[in-house]
Amino acid sequence: MSPPPLIVNAPMYGYADGQLAAAVSAAGGYGFIAGGYNFTTNSPQLDKLQHELDTARSILQITSPDDPLPIGVGCLTVQADGIIQNVLPILLKARVTGIWLSFPQHGTDHGPIITAVQELRQANAWDVSVYVQVGTVNAAREALEVGADVLVVQGSDAGGHQWAQGASIIALLPEVGDMVREVGKSAEIRLLAAGGIVDARGVVAAIALGADGVVMGTRFIATVECSAPDTAKQQILSAVDGGSATVKSRKHDVFQSTDFWPIRYDGRAIIGPCYKEYAGGIADEEVIRRHNEAKENGEAERTIIWAGAGIGSIRKIVSVAELLQTIYAESKLAVTRLNDAFGI
Ligand SMILES: Cc1cc2nc3c(=O)[nH]c(=O)nc-3n(C[C@H](O)[C@H](O)[C@H](O)COP(=O)(O)O)c2cc1C
């Protein structure tokens with residue numbers, strides 16, 4: 001199995017398509033396409049996934065269908081029905097090299113999916129790694145038990161869905177690293193850090209905490225290649241003081257009528273009119289009504305913008321290549337600063 005590169009884009013539903021994933025892999029990172037959350041037979045998300053895989057293959061100019069596609073696909077497992085039957089055949093045929101699972105209903109739900117991947121891997125000489133996103137030490141332990149190859153350790157600064165009760169990566173990552181060592185798996189398991197990382201300072205800090213690499217979501221929204229609407233990109237650029245501009249809450253899903261998540265998850269999004277009205281005492285039903293009305297009228301200002309607490313440091317829309325080059329260059333400066341600080 002190939003080790004994951006240093007910088008990975010999160011499979012952000014609605015934003016991480018074939019174009020973004022291909023750009024990240026082409027620039028020396030590792031790109032993920034968001035595969036969706038409804039994998040039942042005839043779900044339009046399956047056709048969309050196939051389309052995005054074809055797009056990525058074409059951008060990366062991989063002409064032989066037998067050659068691996070150096071990108072991964074993320075599946076939200078909150079509704080896992082159909083992943084084994086409908087998604088895995090698509091991923092095997094596309095020869096993706098990564099499968100990302102996150103947010104199961106129950107701790108062990110990933111077991112049968114990972115077993116199926118392992119069987120296909122063996123039977124088809126398929127070079128694919130299973131990434132599992134976890135937000136607690138317990139979830140990390142469960143992911144190891146069911147056969148994850150890579151743990152994406154998601155801290156509470158992350159944008160989008162996450163564990164309702166969890167720590168930021170500064171506390172979570174070392175504790176997960178210790179647990180992985182204690183169960184004797186540190187040689188075989190890779191750790192990626194996610195949550196609030198937007199630049200070289202975060203990357204170097206994550207490596208210092210014990211990560212092998214990082215996953216960035218929000219930072220990749222503000223790139224040329226990301227298909228997010230300009231209004232979302234502009235809100236990310238204009239936000240200051242990320243911890244005050246965003247909030248971690250279950251209410252965002254209530255407002256946009258996607259409140260099907262198990263109680264152990266919530267999500268971080270930019271504080272917009274919906275959240276402000278709720279905090280000011282307006283009833284959920286009325287906030288939902290206003291949200292839906294704005295949506296029907298094509299007004300964007302009530303759209304929930306999922307984003308991490310790192311947004312305060314995102315100042316510019318750049319190409320994916322420029323972002324990665326800048327991070328690599330500035331990481332070296334950050335390391336020099338560390339060496340100086342410790343007199344090394
Ligand atoms: C807009 C957005 C959509 C997301 N969608 C997904 C998703 O579909 N599946 C998933 O596993 N994680 C999703 N996440 C969470 C990411 O996997 C990751 O943990 C997060 O982006 C890391 O924090 P950061 O945004 O501060 O970099 C999403 C995050 C954002 C910002």
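Predicted model: local features only at pLDDT ≥ 70, side-chain atom pairs only at ≥ 80, totals over all residues.
Local features need pLDDT of at least 70 and side-chain atom pairs count only at pLDDT 80 or more, whereas totals for chains, interfaces and linings use all residues. Residues are numbered from 1 along each chain as its sequence is written, and side-chain values use heavy atoms, with hydrogens and water left out.

Zero disulfides are present in the structure, a disulfide being a pair of cysteine sulfur atoms within 2.5 Å. For C226, which is in no disulfide, the nearest cysteine sulfur is that of C75, 19 Å away. C226 counts as buried because its relative accessibility is 3% (buried, under 20% relative accessible area; exposed, over 50%; partly exposed, in between; 1.4 Å probe, protein chains only). C274 is also buried, at 3% relative accessibility.

Helix 7 (residues 200-208) packs with helix 14 (residues 320-341) at an angle of about 60°, and their axes are 8 Å apart. Helices here are DSSP runs (H or I, at least four residues), numbered from the N terminus. Axes are lines fitted to C-alpha atoms over the stretch in contact, and angles run from 0 to 180 degrees between N-to-C directions. The two helices are therefore oblique to each other (angles under 35 degrees count as roughly parallel, over 145 as roughly antiparallel, 65 to 115 as roughly perpendicular and the rest as oblique). In helix 7, A200, R201, V203 and V204 meet residues of helix 14, including I327, E330 and L338.

H110 lies in helix 4 (residues 110-124) and is buried, with a relative accessible area of 3%. Beyond its neighbours within four places in sequence, H110 is in contact (heavy atoms within 4.5 Å) with T77, L101, S102, P104, V132 and V146.
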